[in-house]
Amino acid sequence: MFADALGARWSGLAARERRFVVAGAFVVAAAIAYALLWQPIVADLPRAKRDAASAELRLERARAAALASQTRGVAPADAPIDAAIRAGLAKAGIAAADATLESDGTRATLVLASVRFDALVPLLGALARDAALHVVDATITARVEPGSVRAELTLAR
């Protein structure tokens, strides 16, 4: 019904009037496109540039931190694994008699029959930070004494 009336009205217009209507529709469409699409994009560019600069700065800081952590771990990595683990045990205050250590040069198996869990976690952190050793395999079993565990660890560089 409405479309028929609109079609009849369009048919009743002269060619010149039709060109004016099409041109007017084009101008209105262009104004809407400008207002809804182009203007928000242009207005958002300064914020996007600030965000990009901030992201680049964060990336550069992360790269520097990664490089610094790599260079910290390089020097002690030259020491034998078993010597680094024994030094870490001594720093953590864990007696060598409480630990069984087997090493093949590239990996080491450390068994702590009874160790406080709150001493084990800092030991592993110190070995990772100071000697570039990380845990490859771990079995940690709770013991009867509260806070005490049995730890069977495989460490490697």
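The buried residues of helix α4 pack against α3 (81–92), β2 (107–116), β3 (134–142) and β4, where buried means under 20% relative accessible area with a 1.4 Å probe and protein chains only, and where helices (H or I, at least four residues) and strands (E, at least two) are DSSP runs numbered from the N terminus. This is a predicted model, in which local features need pLDDT of at least 70 and side-chain atom pairs count only at pLDDT 80 or more, while totals for chains, interfaces and linings use all residues. Residues are numbered from 1 along each chain as its sequence is written, and side-chain values use heavy atoms, with hydrogens and water left out.

**Helix α4**
- The buried residues of α4 are L120, L123, A126, L127 and A131; seen down the helix axis they fall within an arc of 130°, so they line one face of α4, the arc being that of the directions from the axis to the C-beta atoms.
- Helix α4 covers residues 117–131, and its end C-alpha atoms are 21 Å apart, which agrees with the 21 Å that its 15 residues should span at 1.5 Å a residue, the expected span being 1.5 Å times one less than the number of residues.
- After α4 comes A132, whose phi is positive, near 55°.

**Strands and their pairing**
- Strand β1 (residues 99–103) runs antiparallel to β2 and is joined to it by five bridges, where two strands pair if DSSP finds at least two bridges between them.
- Within this pair, T100 stands opposite V111 in β2.
- Three residues lie between β1 and β2 in their hairpin, and G105 in the turn has a positive phi of about 100°.
- Strands β2 and β4 also run antiparallel, joined by eight bridges, and the bridge partner of L112 in β4 is A151.

**T154 in β4**
- T154, found in strand β4 (residues 148–156), counts as buried at 16% relative accessibility.
- Leaving aside residues up to four places away in sequence, T154 touches R107, A108, T109, H134, V135, V136 and D137, contact meaning heavy atoms within 4.5 Å.

**The chain as a whole**
- Four helices and four strands make up the secondary structure, following the pattern α-α-α-β-β-α-β-β along the sequence.
- The radius of gyration of the chain is 36 Å, well over the 15 Å that the globule rule gives for 157 residues, so the chain is more spread out than a compact globule; this radius is taken over C-alpha atoms, and the rule is 2.2 Å times the number of residues to the power 0.38.
- Of the 157 residues, 18% count as buried.

Conventions:
Buried < 20%, exposed > 50% of the residue type's maximum accessible area, 1.4 Å probe, protein only.
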